[in-house]
Amino acid sequence: MKLFEVVLLSFSLSGLLFRQRKNKQDNKDAHLPRHVAIIMDGNGRWAARRRLPRTAGHYAGMTALRRIVRCASELGIAVLTVYAFSTENWTRPKEEVDFLMKLPQEFLEVDLPELKRNNVRVKLSGNPGGLPSHTREAVETAVAETANNTGMVLNFALNYGGRDEIVRAVRKIAAAVAEGTVKPEEIDEEFFNKFLYTADLPDPDLLIRCSGEIRLSNFLLWQLAYAELWFTDVYWPDFNKQHFMAAIEAYRKRDRRFGGVRP
Ligand code: IPE
Ligand code: IPE
Ligand code: MG
(Lines give C-alpha, C1' and ligand atoms only; values in the text may rest on other atoms or scores of the structure.)
(Ligands and ions follow the chains in the order given, each with its own letter.)
Protein backbone atom coordinates (compact mmCIF):
# COMPACT_ATOMS: atom_id res chain seq x y z
CA MET A 1 0.00 0.00 0.00
CA LYS A 2 1.29 3.42 -0.93
CA LEU A 3 1.76 6.07 1.74
CA PHE A 4 -1.06 8.29 0.46
CA GLU A 5 -3.42 5.26 0.50
CA VAL A 6 -2.55 4.56 4.16
CA VAL A 7 -3.21 8.20 5.04
CA LEU A 8 -6.52 8.14 3.13
CA LEU A 9 -7.61 4.91 4.84
CA SER A 10 -6.80 6.16 8.33
CA PHE A 11 -8.67 9.39 7.59
CA SER A 12 -11.82 7.58 6.52
CA LEU A 13 -11.58 5.15 9.47
CA SER A 14 -11.29 7.95 11.99
CA GLY A 15 -14.23 9.72 10.29
CA LEU A 16 -16.32 6.58 10.68
CA LEU A 17 -15.37 6.19 14.33
CA PHE A 18 -16.19 9.85 14.96
CA ARG A 19 -19.60 9.49 13.28
CA GLN A 20 -20.37 6.38 15.33
CA ARG A 21 -19.43 8.12 18.56
CA LYS A 22 -21.50 11.17 17.59
CA ASN A 23 -24.54 9.01 16.77
CA LYS A 24 -24.23 7.28 20.12
CA GLN A 25 -24.06 10.67 21.79
CA ASP A 26 -27.12 11.96 19.88
CA ASN A 27 -28.99 8.82 20.75
CA LYS A 28 -28.13 9.15 24.40
CA ASP A 29 -29.10 12.83 24.43
CA ALA A 30 -32.45 12.05 22.82
CA HIS A 31 -33.40 10.08 25.91
CA LEU A 32 -32.07 12.52 28.46
CA PRO A 33 -34.65 14.63 30.27
CA ARG A 34 -34.24 18.24 29.19
CA HIS A 35 -35.53 19.60 32.47
CA VAL A 36 -35.11 17.84 35.82
CA ALA A 37 -36.87 19.22 38.91
CA ILE A 38 -35.90 18.09 42.41
CA ILE A 39 -37.72 18.36 45.73
CA MET A 40 -34.68 18.31 48.00
CA ASP A 41 -36.35 16.82 51.07
CA GLY A 42 -35.27 15.01 54.24
CA ASN A 43 -32.61 17.36 55.62
CA GLY A 44 -34.25 17.49 59.06
CA ARG A 45 -34.63 13.71 59.36
CA TRP A 46 -31.06 13.19 58.13
CA ALA A 47 -29.88 15.42 61.00
CA ALA A 48 -32.23 13.88 63.59
CA ARG A 49 -30.88 10.44 62.76
CA ARG A 50 -27.43 11.75 63.72
CA ARG A 51 -28.72 13.62 66.79
CA LEU A 52 -27.76 16.88 65.10
CA PRO A 53 -29.80 20.08 64.85
CA ARG A 54 -31.99 20.40 61.74
CA THR A 55 -29.73 23.20 60.49
CA ALA A 56 -26.86 20.69 60.20
CA GLY A 57 -29.09 18.76 57.79
CA HIS A 58 -29.65 21.88 55.71
CA TYR A 59 -25.92 22.53 55.61
CA ALA A 60 -25.25 18.96 54.46
CA GLY A 61 -28.03 19.43 51.89
CA MET A 62 -26.01 22.26 50.36
CA THR A 63 -23.12 19.85 49.73
CA ALA A 64 -25.52 17.46 48.02
CA LEU A 65 -26.77 20.30 45.84
CA ARG A 66 -23.21 21.12 44.81
CA ARG A 67 -22.67 17.47 43.85
CA ILE A 68 -25.86 17.19 41.81
CA VAL A 69 -25.42 20.53 40.02
CA ARG A 70 -22.00 19.37 38.84
CA CYS A 71 -23.34 16.01 37.77
CA ALA A 72 -26.38 17.40 35.90
CA SER A 73 -24.29 20.00 34.11
CA GLU A 74 -21.68 17.41 33.04
CA LEU A 75 -24.44 15.13 31.83
CA GLY A 76 -25.86 17.84 29.57
CA ILE A 77 -29.15 18.45 31.37
CA ALA A 78 -30.56 21.74 30.02
CA VAL A 79 -32.48 22.86 33.12
CA LEU A 80 -32.18 21.81 36.76
CA THR A 81 -34.84 23.25 39.05
CA VAL A 82 -34.30 22.77 42.77
CA TYR A 83 -36.97 23.40 45.40
CA ALA A 84 -35.04 25.29 48.05
CA PHE A 85 -37.76 27.05 50.06
CA SER A 86 -41.54 26.91 49.71
CA THR A 87 -44.10 29.59 50.50
CA GLU A 88 -45.21 27.24 53.31
CA ASN A 89 -41.72 26.93 54.81
CA TRP A 90 -42.14 30.38 56.45
CA THR A 91 -44.19 28.59 59.13
CA ARG A 92 -41.01 26.91 60.47
CA PRO A 93 -39.24 28.19 63.61
CA LYS A 94 -37.55 31.56 63.06
CA GLU A 95 -34.01 30.20 63.68
CA GLU A 96 -34.49 27.56 61.01
CA VAL A 97 -35.91 30.06 58.49
CA ASP A 98 -33.05 32.49 59.22
CA PHE A 99 -30.53 29.70 58.65
CA LEU A 100 -32.18 28.63 55.39
CA MET A 101 -32.17 32.24 54.17
CA LYS A 102 -28.40 32.41 54.65
CA LEU A 103 -27.72 29.32 52.56
CA PRO A 104 -28.17 30.76 49.05
CA GLN A 105 -25.61 33.43 49.94
CA GLU A 106 -23.20 30.84 51.29
CA PHE A 107 -23.71 28.48 48.35
CA LEU A 108 -23.24 31.18 45.73
CA GLU A 109 -20.27 32.79 47.48
CA VAL A 110 -18.36 29.53 47.13
CA ASP A 111 -19.87 28.19 43.93
CA LEU A 112 -20.49 31.18 41.69
CA PRO A 113 -16.96 31.10 40.16
CA GLU A 114 -17.37 27.40 39.31
CA LEU A 115 -20.89 27.94 37.94
CA LYS A 116 -19.51 30.70 35.72
CA ARG A 117 -16.63 28.51 34.55
CA ASN A 118 -19.12 25.81 33.67
CA ASN A 119 -21.32 28.23 31.70
CA VAL A 120 -24.28 27.68 34.09
CA ARG A 121 -27.05 30.30 34.10
CA VAL A 122 -28.64 30.93 37.50
CA LYS A 123 -32.35 31.73 37.64
CA LEU A 124 -34.83 32.44 40.41
CA SER A 125 -38.37 31.11 40.43
CA GLY A 126 -40.35 32.49 43.32
CA ASN A 127 -41.36 35.77 44.87
CA PRO A 128 -38.18 37.81 45.47
CA GLY A 129 -40.20 40.48 47.34
CA GLY A 130 -40.71 38.19 50.32
CA LEU A 131 -37.01 37.37 50.75
CA PRO A 132 -34.64 39.11 53.19
CA SER A 133 -32.47 41.57 51.28
CA HIS A 134 -29.23 39.60 51.84
CA THR A 135 -30.81 36.48 50.29
CA ARG A 136 -32.37 38.37 47.40
CA GLU A 137 -29.18 40.25 46.61
CA ALA A 138 -27.07 37.07 46.58
CA VAL A 139 -29.41 35.38 44.11
CA GLU A 140 -29.92 38.50 41.98
CA THR A 141 -26.15 39.00 41.71
CA ALA A 142 -25.73 35.39 40.57
CA VAL A 143 -28.59 35.80 38.07
CA ALA A 144 -27.04 39.01 36.67
CA GLU A 145 -23.48 37.64 36.54
CA THR A 146 -24.53 34.49 34.69
CA ALA A 147 -27.21 36.05 32.48
CA ASN A 148 -25.25 35.53 29.26
CA ASN A 149 -24.25 31.94 29.97
CA THR A 150 -25.56 29.36 27.54
CA GLY A 151 -25.07 26.10 29.47
CA MET A 152 -27.34 24.50 32.04
CA VAL A 153 -29.96 26.67 33.72
CA LEU A 154 -29.84 26.28 37.50
CA ASN A 155 -33.28 27.41 38.58
CA PHE A 156 -33.71 28.04 42.32
CA ALA A 157 -37.31 27.69 43.48
CA LEU A 158 -37.01 30.01 46.42
CA ASN A 159 -40.03 31.41 48.24
CA TYR A 160 -41.89 29.42 45.63
CA GLY A 161 -45.44 28.07 45.79
CA GLY A 162 -47.31 26.60 42.84
CA ARG A 163 -50.66 28.08 43.87
CA ASP A 164 -49.08 31.46 44.65
CA GLU A 165 -47.49 31.45 41.19
CA ILE A 166 -50.81 30.67 39.50
CA VAL A 167 -52.72 33.31 41.48
CA ARG A 168 -50.09 35.93 40.62
CA ALA A 169 -50.40 35.03 36.93
CA VAL A 170 -54.20 35.27 37.10
CA ARG A 171 -54.00 38.65 38.80
CA LYS A 172 -51.70 40.05 36.07
CA ILE A 173 -53.87 38.67 33.29
CA ALA A 174 -57.06 39.97 34.96
CA ALA A 175 -55.50 43.44 35.19
CA ALA A 176 -54.59 43.32 31.50
CA VAL A 177 -58.14 42.27 30.60
CA ALA A 178 -59.58 45.06 32.78
CA GLU A 179 -57.30 47.58 31.01
CA GLY A 180 -58.49 46.23 27.68
CA THR A 181 -55.01 45.20 26.47
CA VAL A 182 -55.91 41.48 26.49
CA LYS A 183 -59.13 39.85 25.28
CA PRO A 184 -60.40 36.84 27.31
CA GLU A 185 -60.40 34.70 24.15
CA GLU A 186 -56.66 35.34 23.73
CA ILE A 187 -55.97 33.45 26.97
CA ASP A 188 -54.88 29.92 26.17
CA GLU A 189 -52.30 27.59 27.76
CA GLU A 190 -49.39 29.11 25.88
CA PHE A 191 -50.45 32.62 26.83
CA PHE A 192 -50.95 31.67 30.49
CA ASN A 193 -47.55 30.00 30.63
CA LYS A 194 -45.90 33.34 29.81
CA PHE A 195 -47.03 34.72 33.17
CA LEU A 196 -45.32 32.01 35.22
CA TYR A 197 -41.84 32.28 36.76
CA THR A 198 -40.77 29.52 34.38
CA ALA A 199 -42.04 31.27 31.23
CA ASP A 200 -38.72 30.85 29.42
CA LEU A 201 -38.20 27.19 30.39
CA PRO A 202 -39.50 23.91 29.00
CA ASP A 203 -41.73 21.96 31.41
CA PRO A 204 -39.90 19.46 33.65
CA ASP A 205 -39.60 16.01 32.09
CA LEU A 206 -38.57 14.36 35.32
CA LEU A 207 -39.43 15.14 38.94
CA ILE A 208 -37.27 13.63 41.68
CA ARG A 209 -38.38 13.69 45.31
CA CYS A 210 -36.23 12.26 48.08
CA SER A 211 -36.96 11.29 51.68
CA GLY A 212 -39.82 8.87 51.06
CA GLU A 213 -42.60 11.46 50.82
CA ILE A 214 -44.90 10.90 47.86
CA ARG A 215 -46.41 14.33 47.31
CA LEU A 216 -45.82 17.55 45.39
CA SER A 217 -45.95 19.98 48.33
CA ASN A 218 -47.11 22.83 46.09
CA PHE A 219 -44.21 22.46 43.63
CA LEU A 220 -44.64 23.46 39.95
CA LEU A 221 -48.31 22.48 39.89
CA TRP A 222 -48.87 23.74 36.34
CA GLN A 223 -45.52 22.72 34.89
CA LEU A 224 -45.47 19.12 36.18
CA ALA A 225 -48.65 18.18 34.28
CA TYR A 226 -46.83 15.55 32.20
CA ALA A 227 -43.59 15.03 34.12
CA GLU A 228 -42.37 11.54 34.95
CA LEU A 229 -42.23 11.16 38.74
CA TRP A 230 -39.43 9.35 40.58
CA PHE A 231 -39.28 8.87 44.33
CA THR A 232 -36.60 7.57 46.65
CA ASP A 233 -36.36 7.03 50.42
CA VAL A 234 -32.85 8.54 50.43
CA TYR A 235 -32.58 11.78 52.42
CA TRP A 236 -31.38 14.72 50.34
CA PRO A 237 -27.98 15.14 52.11
CA ASP A 238 -27.16 11.53 51.11
CA PHE A 239 -28.35 11.94 47.52
CA ASN A 240 -25.44 11.33 45.15
CA LYS A 241 -24.52 10.83 41.53
CA GLN A 242 -25.57 7.15 41.60
CA HIS A 243 -29.04 8.07 42.82
CA PHE A 244 -29.29 10.79 40.18
CA MET A 245 -28.21 8.37 37.44
CA ALA A 246 -30.74 5.80 38.71
CA ALA A 247 -33.50 8.39 38.30
CA ILE A 248 -32.29 9.24 34.79
CA GLU A 249 -32.11 5.54 33.88
CA ALA A 250 -35.67 4.99 35.14
CA TYR A 251 -36.79 7.99 33.11
CA ARG A 252 -35.17 6.61 29.96
CA LYS A 253 -37.23 3.46 30.28
CA ARG A 254 -40.55 5.26 30.67
CA ASP A 255 -43.03 5.30 27.84
CA ARG A 256 -44.31 8.87 27.62
CA ARG A 257 -47.58 8.95 25.72
CA PHE A 258 -48.98 12.38 26.63
CA GLY A 259 -52.49 11.00 26.41
CA GLY A 260 -51.98 9.56 22.94
CA VAL A 261 -51.49 6.02 21.72
CA ARG A 262 -48.36 4.36 20.36
CA PRO A 263 -48.19 4.58 16.55
C1 IPE B 1 -35.95 19.94 53.01
O2 IPE B 1 -35.71 19.23 54.17
C3 IPE B 1 -35.42 21.34 53.07
C4 IPE B 1 -36.46 22.37 53.11
C5 IPE B 1 -37.74 22.18 53.15
C6 IPE B 1 -35.99 23.72 53.13
P7 IPE B 1 -36.69 19.31 55.41
O8 IPE B 1 -36.25 20.42 56.30
O9 IPE B 1 -38.11 19.39 54.98
O10 IPE B 1 -36.41 17.92 56.10
P11 IPE B 1 -37.48 16.97 56.75
O12 IPE B 1 -38.53 16.71 55.74
O13 IPE B 1 -38.02 17.68 57.96
O14 IPE B 1 -36.71 15.73 57.11
C1 IPE C 1 -40.95 20.75 50.26
O2 IPE C 1 -40.57 20.06 51.38
C3 IPE C 1 -40.22 22.06 50.17
C4 IPE C 1 -38.79 21.98 49.91
C5 IPE C 1 -38.09 20.89 49.73
C6 IPE C 1 -38.12 23.23 49.82
P7 IPE C 1 -41.36 20.19 52.76
O8 IPE C 1 -40.64 19.34 53.71
O9 IPE C 1 -41.56 21.61 53.12
O10 IPE C 1 -42.78 19.58 52.38
P11 IPE C 1 -43.83 18.79 53.28
O12 IPE C 1 -44.05 19.62 54.51
O13 IPE C 1 -43.21 17.47 53.60
O14 IPE C 1 -45.03 18.65 52.42
MG1 MG D 1 -39.47 18.00 54.51
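Which element gives the most to the shell around ligand 1? Select H2: with three residues, H2 gives the most. Helices here are DSSP runs (H or I, at least four residues), numbered from the N terminus.

This is a predicted model: local features need pLDDT of at least 70, side-chain atom pairs count only at pLDDT 80 or more, and totals for chains, interfaces and linings use all residues. Residues are numbered from 1 along each chain as its sequence is written, chains are lettered from A and ligands numbered from 1 in the order written, and side-chain values use heavy atoms, without hydrogens and water.

**Stop 1: the ligand shell.** Show the 13 residues around ligand 1 (a heavy atom within 4 Å). Asp41, Gly44, Arg45, Arg54 and Arg92 come nearest. Helices H2 (43–49), H3 (54–75) and H4 (94–117) each give two or more residues.

**Stop 2: oxygen contacts.** Zoom in on the oxygen atoms of ligand 1. One is 2.9 Å from a side-chain N or O atom of Asp41. A polar backbone atom of Asn43 is 3.1 Å from an oxygen atom of the ligand. For a backbone N or O atom of Gly42, the distance is 3.4 Å.

**Stop 3: the cavity.** Select Arg66, Val69, Arg70, Ser73, Phe107, Asp111, Glu114, Leu115, Asn118 and Val120, which line the largest cavity. On a 1 Å grid over the protein atoms alone, a cavity is a set of points where a 1.4 Å probe fits but cannot get out; lining residues have an atom within 4 Å of a point. H3 and H4 each give two or more residues to this lining. The cavity volume, the space filled by probe spheres set on the points, is about 60 Å³.

Note on methods: A polar contact is a pair of N or O atoms within 3.5 Å; within protein, one must be able to donate a hydrogen and the other to accept it, and residues adjacent in sequence count only if both atoms are side-chain atoms. On a 1 Å grid over the protein atoms alone, a cavity is a set of points where a 1.4 Å probe fits but cannot get out, and a pocket is an open set with protein on both sides within 12 Å along at least five of seven lines; lining residues have an atom within 4 Å of a point.
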